[in-house]
Amino acid sequence: MTPSSLVRATRLYKALAHAARLRIVAMLRGGELCACQITAVLGLAPSTVSQHLRVLREAALVTARAEGRMRYYRAAPDGLARLRAEVDVFWRTALDRPGATQVGYLRRLMESRPTLTRIPDQQVLAGEPGD
């Protein structure tokens, strides 16, 4: 995973790391809603809902449009597809080769810091303590 893709993935995961934002995304899957409807369902202060919607917009998971003084939100299909792809890659990597990411990270870390003790990959993958 490149540093820029890691930043994008982190932004997506953080955007969904709050129950209210998960509820908003779930509500918007059913179609467009105005901010006042979202606020009424969540039972939160309008300013709090506004902040949650801002986080979701910045992560490109929802889009907004203004109509007079009202703002309407809808799920962003491209953003949700990107989230799905990120989750699929993460779990495919984690399940296909458990520990592979950690092994690669540890290998790069040890190469950059020769004073660290080398632990055989098999011990890291099996969770065995190194000698």
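Three strands make up an open sheet here, ordered 1-3-2 with antiparallel pairing (strands are DSSP E runs of at least two residues, helices are H or I runs of at least four, and both are numbered from the N terminus; two strands pair if DSSP finds at least two bridges between them). This is a predicted model, so local features need pLDDT of at least 70 and side-chain atom pairs count only at pLDDT 80 or more, while totals for chains, interfaces and linings use all residues. Residues are numbered from 1 along each chain as its sequence is written, and side-chain values use heavy atoms, with hydrogens and water left out.

- Six bridges link strand 2 to strand 3 (residues 70-75), in the antiparallel sense.
- Look for A64, whose bridge partner in strand 3 is Y73.
- Helix 2 packs on this sheet and touches strand 1, strand 2 and strand 3 (contact means heavy atoms within 4.5 Å).
- The direction of helix 2 makes about 85 degrees with that of strand 3 (axes are lines fitted to C-alpha atoms, for helices over the stretch in contact, and angles run from 0 to 180 degrees between N-to-C directions).

**Helix 2 against helix 3**
- The axes of helix 2 (residues 19-28) and helix 3 (residues 35-42) come within 11 Å and cross at roughly 125 degrees.
- On the helix 2 side, A20, R23, I24, M27 and L28 meet I38, V41 and L42 of helix 3.
- By class, this contact has seven nonpolar residues, one charged and no polar (Ala, Val, Leu, Ile, Met, Phe, Trp, Tyr, Cys and Pro count as nonpolar, Asp, Glu, Lys and Arg as charged, and the others, Gly among them, as polar).
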